[in-house]
Amino acid sequence: MTTATAPGKIILFGEHAVVYGQPAIAAPLSQVRATAVVENSPAPGIRLIAPDLGTDMLLDHAAPDDAVAAVVRHLQAAASLTQLPDLTITVSSQIPIAGGLGSGAAITAAVIRALAAHLGLAHLLSAAWVSDQTYEIEKIHHGTPSGIDNTVVAYERPVYFVRQQPCNRVEPFAVARPLRLLVADTGVSSSTKIVVGDVRRQWQANPTVFDAIFAGCGRIVAAARQAVEAGDVEKVGRLMTENHTLLQQMTVSCAELDDLVAAALAAGALGAKLSGAGRGGNMIALVEGEEGETAVSASTIVPGKGGISSQGTNGTAGVSLNWH
Ligand code: PMV
């Protein structure tokens with residue numbers, strides 16, 4: 001039996017604009033993970049089990065765009081394997097699906113890691129290779145992914161990311177003071193592909209307006225990187241809220257996200273914004289940590305609708321970004 005995992009992620013700054021070549025900053029959400037387990041099977045064929053996705057089927061019966069089947073077929077081709085052994089592949093995830101926390105990329109990366117290792121291909125498993133393979137699958141599901149999700153999930157470290165040819169720019173950067181983030185779920189699921197496609201249509205209809213919004217996001221990311229490097233946490237917070245305003249102008253926020261942002265700011269957060277594709281999914285808020293308090297207890301994913309709680313309810317997890 002071979003098991004592998006991959007983390008969720010948050011986008012701290014620059015979602016959507018990153019698709020158009022602007023920089024973005026993202027970080028892994030290591031407390032919530034996708035897990036893949038690969039076992040030899042006595043029964044013929046490759047059985048795919050993903051309870052969170054309601055999947056239990058043989059690979060031969062899976063649709064071409066089935067999340068797990070696409071990974072298995074892609075890996076077989078990428079590794080030039082003529083035949084795969086009889087296997088059971090079980091996938092589970094703590095990351096809310098369609099919530100802007102990178103669940104798709106994490107599931108893909110976990111399956112790639114577990115399957116490659118099980119098939120004796122562990123030598124292929126560099127972070128760069130896992131990121132590249134995950135990107136190929138992201139293209140099936142998302143159309144025009146920027147590449148930021150697969151990068152942050154595969155490398156599991158914060159990234160300053162610029163989509164460019166022939167290869168993306170991925171830069172580590174210094175963090176003077178840890179950032180403590182609260183992650184709150186609207187409970188509204190949202191399709192990244194639909195939201196990204198809708199932004200593209202609006203950009204095509206109003207290129208001047210949307211190019212200006214994207215450039216504004218780029219300026220915020222540049223200022224945010226400097227603020228993070230300088231340890232100016234208050235400024236990081238202000239820039240998050242400014243980024244949310246630009247995301248509203250892109251029409252990718254929604255009432256639930258705006259309510260969570262307003263509630264976080266009213267409760268004293270230094271800044272707040274949606275994270276990911278928007279129109280649902282998760283909000284992130286920069287909160288001040290208390291001396292001696294552990295990172296995870298201070299920042300909490302709140303499942304379900306609406307409220308924010310530093311205690312959390314069921315399934316809580318959090319993120320504190322101690323970047324190096
Ligand atoms: O919703 P998520 O977690 O898949 O994040 C999407 C981020 C976008 O910038 C909206 C799209 C992309 O490919 O970068």
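Ala67, Ala70, Val71, His74, Leu75 and Ala78 in H1 touch Trp129, Gln133, Glu136, Ile137, Ile140 and His141 in H3, where contact means heavy atoms within 4.5 Å. By class, that contact has eight nonpolar, three polar and one charged residues; Ala, Val, Leu, Ile, Met, Phe, Trp, Tyr, Cys and Pro count as nonpolar, Asp, Glu, Lys and Arg as charged, and the others, Gly among them, as polar.

This is a predicted model, in which local features need pLDDT of at least 70 and side-chain atom pairs count only at pLDDT 80 or more, while totals for chains, interfaces and linings use all residues. Residues are numbered from 1 along each chain as its sequence is written, and side-chain values use heavy atoms, with hydrogens and water left out.

H1 covers residues 67-78 and H3 covers residues 127-142; helices are DSSP runs of H or I, at least four residues, and strands are runs of E, at least two, numbered from the N terminus. The two helices pack at about 130°, with axes 10 Å apart. Axes are lines fitted to C-alpha atoms over the stretch in contact, and angles run from 0 to 180 degrees between N-to-C directions.

Now the ligand. Ser146 has a polar side-chain atom 2.5 Å from a ligand oxygen. For Thr192, a side-chain N or O atom is 2.9 Å from an oxygen of the ligand, and for Asp149 the distance is 3.1 Å.

Last, the backbone. Gln165 and Pro166 are joined by a cis peptide bond, omega about -5°. Pro166 sits in the loop between strands E6 (159-162) and E7 (169-171).

How values were computed. A polar contact is a pair of N or O atoms within 3.5 Å; within protein, one must be able to donate a hydrogen and the other to accept it, and residues adjacent in sequence count only if both atoms are side-chain atoms.
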